[in-house]
Amino acid sequence: MKWDWGAVSDFMPQFWDGLLVTLQALALGSLISFALGLVWALLMRVPSRWVTWPVGVVTEFVRNTPLLVQLFFLFYVLPEWGVTFSALTTGVFAIGLHYSTYTMQVYRAGIEAVPVGQWEAATALNLPLTRTWTAVILPQAIRRVVPALGNYVIAMLKDTPMLMAITVLDMLGEARLFAQEQFQFTEPLTVIGVAFIVISYLASLLLRALERRLVH
């Protein structure tokens with residue numbers, strides 16, 4: 001089969017649209033997963049089973065059900081209960097919620113890795129609990145787990161094509177639409193594959209540089 005550069009040229013406007021949607025979903029989904037994951041991790045340290053038990057049940061349920069099922073539920077079932085959002089908003093929330101159950105474990109490990117002496121020093125200084133967390137514990141914990149959080153960003157990037165299942169036109173969605181309209185599948189899908197490789201590689205380089213900076 002001959003490679004058609006004309007098809008590649010024709011596909012590029014749709015590719016840039018899809019790339020923008022993919023990056024939007026990735027950025028917003030990452031922010032949700034980071035923020036919500038930290039909330040889950042902090043709630044799991046509350047000395048009350050009335051808090052930790054429901055949080056544990058919810059996070060285990062979300063972590064152990066497929067992201068695709070969650071996307072379908074939020075997009076197709078919630079409207080029957082009167083809760084409706086756009087496809088992109090639903091996808092961003094779903095991917096952020098799903099990965100927050102993983103970042104929760106990352107934060108938990110980071111918090112537990114903070115030396116006991118730091119807790120004891122904060123207690124000796126009679127720091128309020130909120131001050132202990134915001135000024136002593138979390139800065140050290142988050143610094144330790146940034147590389148692990150970065151790995152989940154790359155994983156989220158690879159899962160963004162699932163949003164196509166709820167009509168979000170990300171890169172893969174645009175490639176599929178173009179292929180069905182033009183009956184040319186090789187060129188757009190190859191472009192998308194290369195784009196994912198390049199973005200993932202650049203993200204890994206940025207992650208390594210950030211890790212070196214934090215370590216030193």
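**Entry 1: H4 against H6**

I began with helix H4 (residues 87-113) and helix H6 (residues 129-159), which in this predicted model pack at an angle of about 140° with their axes 8 Å apart. Here axes are lines fitted to C-alpha atoms, for helices over the stretch in contact, and angles run from 0 to 180 degrees between N-to-C directions. The angle makes H4 oblique to H6, given that angles under 35 degrees count as roughly parallel, over 145 as roughly antiparallel, 65 to 115 as roughly perpendicular and the rest as oblique. I noted the crossing of H4 and H6 as right-handed; a crossing is right-handed if the near helix is turned clockwise from the far one by less than a right angle, and left-handed if anticlockwise. The residues of this contact of H4 with H6 divide into 18 nonpolar, two polar and two charged, where Ala, Val, Leu, Ile, Met, Phe, Trp, Tyr, Cys and Pro count as nonpolar, Asp, Glu, Lys and Arg as charged, and the others, Gly among them, as polar.

I kept the conventions of the model beside me: residues are numbered from 1 along each chain as its sequence is written, and side-chain values use heavy atoms, with hydrogens and water left out. Because the model is predicted, local features need pLDDT of at least 70 and side-chain atom pairs count only at pLDDT 80 or more, while totals for chains, interfaces and linings use all residues.

**Entry 2: aromatic rings**

How many aromatic pairs does a search of the whole structure find? I recorded 10 aromatic pairs, where rings of Phe, Tyr and Trp (its six-membered ring) pair if their centres lie within 6.5 Å, and planes under 30 degrees apart count as stacked, over 60 as edge-to-face and the rest as tilted. One of them joins tyrosine 99 and tyrosine 102 in a tilted arrangement, 5.8 Å centre to centre and 45° between the planes.

Tyrosine 99 counts as buried at 7% relative accessibility, whereas tyrosine 102 counts as partly exposed at 23%; buried means under 20% relative accessible area, exposed over 50%, and partly exposed in between (1.4 Å probe, protein chains only). Tyrosine 102 also pairs with tyrosine 152, again tilted, at 5.8 Å centre to centre and 35° between the planes. Since tyrosine 102 lies in helix H4 and tyrosine 152 in helix H6, this pair ties together parts that are 50 residues apart in sequence. I found tyrosine 152 partly exposed, with a relative accessible area of 24%.

I also looked up a cluster in which ring pairs link Phe11, Phe15, Trp16 and Phe178.

**Entry 3: salt bridges**

I took a salt bridge to be a side-chain nitrogen of Lys or Arg within 4 Å of a carboxyl oxygen of Asp or Glu, and by this rule the count comes to two. In one, arginine 63 meets glutamate 60, the closest N and O atoms being 2.2 Å apart. Arginine 63 and glutamate 60 are three residues apart in helix H2 (residues 49-63), so about one helical turn separates them. Arginine 63 counts as buried at 16% relative accessibility, while glutamate 60 is partly exposed with a relative accessible area of 39%.

Arginine 108 and glutamate 112 form a salt bridge through their side chains (3.2 Å, N to O). These two residues, arginine 108 and glutamate 112, are four residues apart in helix H4, and so about one helical turn separates them. Arginine 108 counts as partly exposed at 39% relative accessibility.

**Entry 4: H1 against H7, and the whole chain**

Helix H1 (residues 5-43) and helix H7 (residues 171-182) pack at an angle of about 150°, with their axes 7 Å apart, which makes H1 roughly antiparallel to H7. I noted the crossing of H1 and H7 as right-handed.

Along its principal axes the C-alpha trace of the protein chain spans about 70 × 50 × 20 Å, and of its 216 residues 41% count as buried.
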